[in-house]
Each structure stands twice: as structure tokens, then as C-alpha cells.
Amino acid sequence: MNKQPNRILEKIGICSQISFVRYMQGIKALGADQKLFIEDLWFEKVPVRIYQPKAPSASPRRGVMFFHGGGWVFGSLETHESLCRSLARRSESVVVSVGYRLAPEHKYPAAYEDCLHASIHFMKNAEHYGVDPAQISVCGDSAGGNLAAAVSQTLAGRADLPRLRAQILIYPILQALDFNLPSYKQNQAIPLLFQERAAFYVLQYLNGNSSNLEQVLEGSHIPIDIKLNYRKWVSEDYIPERFKVRGYKPHVLLDCSTEVYETVKRFCEPNLCPLLAEDAVVQQLPESFILTCEYDVLRDDGLLYKKRLEDNGVRVTWCHLEDGFHGIINSFNSEWMSFSSGKRGLDNIVNFLKSL
């Protein structure tokens, strides 16, 4: 019998597994902060939490739009409260955390649209919060990194808004064409994100269900001709050899049925999978920071995007945690389990922000 409390509660009809995890994630409150003004607001009908340093500043501050991780299904303003406070205090920036709508109740593009609309609102009203409109960056971890990349691509073409100063992508998920890249195979059963869970979450975001999970995992959800078309950007060929030494074996290309492809064809949209954006868009992107972890199924998404950005003349600061795993940044000051590599990663993010 499965003893997990969330499974038991689901079986006896008290709540769903997703609802239980969300409830547990939202329990802890940190209280007031001596160095920050913290306020819950609404930007264009989207809930946000804004963190403003209390110390006076001689000039307008940097602004950071932050999108939390959680596979588009979990995560909230509360789960990333400690991280956002630390970013605001240590980088002396105004941080805006976005409480975007979650899947499966709200499917793609709901989360992307919420993050985009909140960002545009902040960019138009930056001076009201003591922020320099030319010093606003987007930042996110995991699914939040996906949203930050998608928002950055959309805003790159907007002539009516200030140019984003930077994008900060923390172990982002950036494509759903190939769940058999080296990092997916090497780390498929390593916490905190399993290969199967990554595919499950992106299907929840896309369709609100996990049907076709098996096809997505084996790679039979996208026709071969389309996969070949995108191999110029999504391929193990562009992963440096040193990342393939841990027992990786190339995956055989599989074709797919028209019926399956019809359910997932939006995986080819850059707003969902930013790695598939055209070069003309990538060339316009701002200075970028990408953090990857060795023991993370999403490592290669970050590596492939780093290459695309550099190939298109975008300046990239890359931080790779050789002893890191997915989700480690959020554990930088955990009371029960803290990792030095998480602190090291956060230090790199803060130093990058302060260098802008």
C-alpha cells in the first residue's frame, strides 16, 4: 500500500495530490523583514509581491521580475519568498515576484500571459517604485526560467518599451521535443526532478492532463521530419563531450502518429519552448545569465540555449554547479538541509545582478 500522506488523502477523497502539495507549500510565513518593504499588489489582474529595500538610494534601483518554479503546477509567492528576499537584500534591487496561474486548471498560455502582462505593467510604472526602467531584468528557476525566457523573447521585439537589461535563467526547461538528451538519460532518476516528472509537468501545462506521457518520454510525439528540422538547435551533437562521459548512449529517432502530434504540436511554439525561437529573435535578446547543474535532467536545455545565444552574439555568463542538482538554489538557507553549491549559485546570481 502507498503510504504517502498526499496519496492517502486523495484516495479517501479529502483532496487531490496537487492540492495537498500546494497547501503544504503555502503554510510557512516568514513575517516582517528589517531591511525590506514587502507588499502584495495586483499588476493587470495578476497577483504580485514586491520587495523594496528600505535603505535610501541615491539613484534609481535595478528591478527584477521573478517567476517561480514548480513545473507550472506547483510553486507560489510563498515557496520562493526566502529566495526573493535574499535577492532583493543582497543585490539592492526591487524584486517583483509573480503569482501566475497554475496548471492543470489554467493551461498554456495562461502562465506565460500572466508573467508577460505583469512585466509590461512594471516596465511602464517602474519609476513609481524607484526603479530605473532601463535596468529591469527577468529571472526565474525551472518552469520560471522557461517563463522568463519566453517573456524576454516577446519583449525583445517591443519598440514601445525599454529594452530588458538582462535575463537570468536558473536551470530552465526550454524545449519539449527531446526528453532523451544526455542529461535526461544520465539523471533520469535523480531528485528533485525525474525525467518522467519533467514530461508530466509540461503535458499538464500544455493540455491539463498527462495523456501521451509514454510517447513524449520515448520521443514518438513529434514527426521525424520536424525533429530533423530542429536538430540544428536541439541535438546531443551540440552538447560538449565532457557532459557525455557518464554512460550516455544516443537515442534512436522514432516517428509518431498524426493523432499524437495533434495533441502536442504546440510544443513547437517558442512561447512554450523558447529554444525553438528563430535566430532573428534570439539576436535581439539582452545579456544573459544561465545556471545549470550537473545532476539535473534540464542541464542540456541550458547548455543548448547558451550555445544559441552565443552563436547569435548575445553575451552569456554561465554558472555550472558540478555538484548541483535541480532545485538546489531554493535550498540555499533551508533549516533542515542546506548545500554549499546552492549558496555558491546564489552568490553568482547576486554578483551578476550587481554587475549590471
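**View 1. Strand β3 and its parallel neighbours in the predicted model.** Strand β4 (residues 94–98) runs parallel to β3 and is joined to β3 by five bridges, where strands (E, at least two residues) and helices (H or I, at least four residues) are DSSP runs numbered from the N terminus, and two strands count as paired if DSSP finds at least two bridges between them. Within this pairing, Val94 of β4 is the residue opposite Gly63. From β3 the chain passes through helix α3 (residues 81–91) to reach β4, in a β-α-β crossover that is right-handed, meaning that, with the strands pointing away from the viewer, the path from the first strand over the helix to the second runs clockwise. Strand β5 (residues 131–141) also pairs with β3 in the parallel sense, over six bridges, and Cys139 of β5 is the bridge partner of Phe66. Seven of the seven residues of β3 (residues 61–67) are buried, that is, under 20% relative accessible area, with over 50% called exposed and values in between partly exposed (1.4 Å probe, protein chains only). This is a predicted model, in which local features need pLDDT of at least 70 and side-chain atom pairs count only at pLDDT 80 or more, while totals for chains, interfaces and linings use all residues. Residues are numbered from 1 along each chain as its sequence is written, and side-chain values use heavy atoms, with hydrogens and water left out.

**View 2. The open sheet of eight strands.** The strands follow the order β1-β2-β4-β3-β5-β6-β7-β8, with mixed pairing. Because β1 (36–43) and β8 stand at the edges with a single partner strand each, one side of each is left without a neighbour in the sheet. Neighbouring strands are turned against each other by 20° on average, direction ignored.

**View 3. Surroundings of Phe122 in the nonpolar core.** The largest nonpolar core has 88 residues, and Phe67, Phe122 and Phe267 are those with the most contacts inside it; such a core is a set of buried Ala, Val, Leu, Ile, Met, Phe, Trp, Tyr and Cys residues joined through side-chain atoms within 4.5 Å. Leaving aside residues up to four places away in sequence, Phe122 touches Phe43, Ile50, Gly63, Met65, Val94, Val96, Tyr129, Val131 and Ile136. Another core, of 28 residues, lies apart from the largest one and includes Leu36, Val64, Leu83 and Cys139.

**View 4. Helix α7 and its packing partners.** Ten of the 13 residues of α7 are buried, among them Phe200, Tyr201 and Leu203. The buried residues of α7 pack against α4 (110–124), α5 (143–156), α6 (182–186), α8 (213–218) and α10 (258–264). After α7 comes Gly208, with a positive phi near 75°.

**View 5. Helix α13 and what covers it.** The buried residues of α13 include Gly345, Leu346, Ile349 and Phe352, and the elements covering the buried residues of α13 include β3, α3, β6 (166–170), β7 (287–295) and β8 (316–325).

Definitions and conventions. Contact means heavy atoms within 4.5 Å. Axes are lines fitted to C-alpha atoms, for helices over the stretch in contact, and angles run from 0 to 180 degrees between N-to-C directions.
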